[in-house]
Amino acid sequence: MNTNNTSPLDIDSETAKKLFEHGAVLVITGVPRKTEFGIDLCSYTTDENFRGVKMIPPGPHHIWCAATGPYGDTAPRVGFAHYFGEQEILVKEWDANNEELRDRYVEDAELEIQRIKANLKSLDKYLAPYDFRYWNDWSKLTDTVTKGTLERCQPSLGVIRTNAELQSCPDSERPRGPLSQTRPPLTAKSIIDESCLLPNLKPVEGTAPRFCSVPNRVPKECTPAEVSKHSLDCIDACDRLLKNFAQAQDLVEEIQLAFAFFLVGYSIESLEYWRKVLTILSHSQDSVTKYKLLYMKYAEVLALQLPHLPEELMEPSEHNSIYKDIRSLLVNLNVCGLHKSAEHLTKKLRVGMNWSFEGLLDEDPEDMPVVVECN
């Protein structure tokens, strides 16, 4: 069932025995043959005997499926996140109409779980073992995520999709006839944000991840002086962001969870949240000074996350906004005394991604004064 030909049980027999006795079990019914299935960084191609996964380590996990068509075409990933407890048995079933997993509908769910537990040994041969070759990476990527944060942040309907479902535009809002003469036409000068050209579509209730709101780096309707202030150092935006949490480091949980939703579930909304947070935290020296413990952990998290970025986001150039944000973050870490965090992150990016940051502390040419010669 595993797409990799090497053994997924890269552990000793004693550890395997303990995991069989104490690990969680995911039981799935009705998944069609040749469906792509994954849990965390492990992936499988199902056969007719596939009934789920055993030996799942307790903690947060992301499970997904992608239906395969008759000509080998694959549908987008659809999945869910779950915080497994020790020896927990979770039962799902295949929804043939929507081609995704759903909660199993039975009259007595607890009785079914008790029956599964009593017959687990006979079911064992139909369960794929959790692929422990990837467990070390996954556990590091999610080491701060708690059950409460996972349940709070995942979509309320429980399904994680590549894109949240969007509401259709109401008929009353559709344009009819010529534009009113009182409405000024859009010009290049009036277009500050490209998003103003897009329809105002909202996610269907319950389909989008529920991360905290990220404030704008520069608040709307600022004076020119305030725009300059917030552009130079967005400490105000960082403070507003962190007001959502009891303590600053709680933000790391959402950062890790958002990246996991994107990495495994390809969730575009989760990537957007992750990038917005990166931009806010990367452009404030005052925030690094004020929240040093947060930034020390954040640097560790980024060192693990960034090598998992898709290829199109890994180019070390000024055209890559992620690369530019990381460069700014490294400058601020160094300037504010977090040299070890900056050095660790720089080394990881150089080795894992071939990113280099020569002249990191040199003055940015964009910040230097412009000399104009008068004739």
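Trainee: Where does threonine 35 lie, and is threonine 35 buried or exposed?
Mentor: This is a predicted model, and in it threonine 35 belongs to the loop that runs between strand S1 (24–29) and strand S2 (36–39). The cut-off for buried is under 20% relative accessible area. Because its relative accessibility is 2%, threonine 35 counts as buried.

Trainee: Which residues is threonine 35 in contact with, leaving aside its neighbours within four places in sequence?
Mentor: With those neighbours left aside, the contacts of threonine 35 include Cys65, Ala66, Ala67 and Thr68, and Trp94 is among them as well.

Trainee: Over which rings do the charged ends of arginine 77 and lysine 92 sit?
Mentor: For arginine 77, the charged end is placed 3.7 Å from the centre of the ring of tryptophan 64, and sits over that ring. For lysine 92, the charged end sits 4.3 Å from the ring centre, over phenylalanine 80.

Trainee: Which residues does glycine 158 touch, not counting residues up to four places away in sequence?
Mentor: Glycine 158 is found in the loop between helix H5 (147–153) and strand S10 (160–161), and with 22% relative accessibility it counts as partly exposed. Its C-alpha atom is separated by 7.9 Å from that of glycine 206, which is 48 residues away along the chain. Once residues up to four places away are not counted, glycine 158 touches Gly79 and Phe80.

Trainee: Why is helix H7 described as largely enclosed, and against which helices do its buried residues pack?
Mentor: Helix H7 (residues 235–242) has eight residues and six of them are buried, so the helix is largely enclosed by the rest of the structure. The buried residues are Ile235, Ala237, Cys238, Asp239, Leu241 and Leu242. They pack against helix H8 (250–265), helix H9 (268–282), helix H10 (285–290) and H11.

Trainee: At what angle do the axes of helix H11 and helix H12 cross, and how do the residues of the contact divide?
Mentor: The axes of H11 (residues 292–305) and H12 (residues 321–335) come within 12 Å and cross at roughly 140°, and the crossing in which H11 passes H12 is left-handed. From H11 the contact draws on Tyr295, Tyr298, Ala299 and Leu302, and from H12 on Ile326, Leu329 and Leu333. These residues divide into seven nonpolar, no polar and no charged.

Trainee: How many aromatic pairs does the structure hold, and what is the angle between the planes of phenylalanine 211 and phenylalanine 261?
Mentor: The structure holds eleven aromatic pairs, one of which joins phenylalanine 211, in the loop between S10 and helix H6 (224–232), to phenylalanine 261 in helix H8, 50 residues apart. Both phenylalanine 211 and phenylalanine 261 are buried. Their pair is tilted, with 6.0 Å centre to centre and an angle between the planes of 45°.

Trainee: Is the pair of tyrosine 323 and phenylalanine 357 stacked or tilted?
Mentor: Tyrosine 323 lies in helix H12 and phenylalanine 357 in the segment after helix H13 (339–353), so the pair ties together parts 34 residues apart in sequence. Tyrosine 323 counts as buried at 6% relative accessibility, and phenylalanine 357 is buried with a relative accessible area of 9%. Planes under 30 degrees apart count as stacked. With 5.1 Å centre to centre and 10° between the planes, the pair is stacked.

Key
Residues numbered from 1 in each chain as written. Predicted model: local features only at pLDDT ≥ 70, side-chain atom pairs only at ≥ 80, totals over all residues. Heavy atoms only, no water. Axes fitted to C-alpha atoms, helices over the stretch in contact; angles between N-to-C directions. Helix = DSSP H or I, 4+ residues; strand = E, 2+ residues; numbered from the N terminus. Left-handed = near helix turned anticlockwise from the far one by under 90°. Contact = heavy atoms within 4.5 Å. Nonpolar A, V, L, I, M, F, W, Y, C, P; charged D, E, K, R; others polar. Buried < 20%, exposed > 50% of the residue type's maximum accessible area, 1.4 Å probe, protein only. Phe/Tyr/Trp six-rings, centres within 6.5 Å; stacked < 30°, edge-to-face > 60°. Lys NZ or Arg CZ within 6 Å of the ring centre and 35° of its normal.
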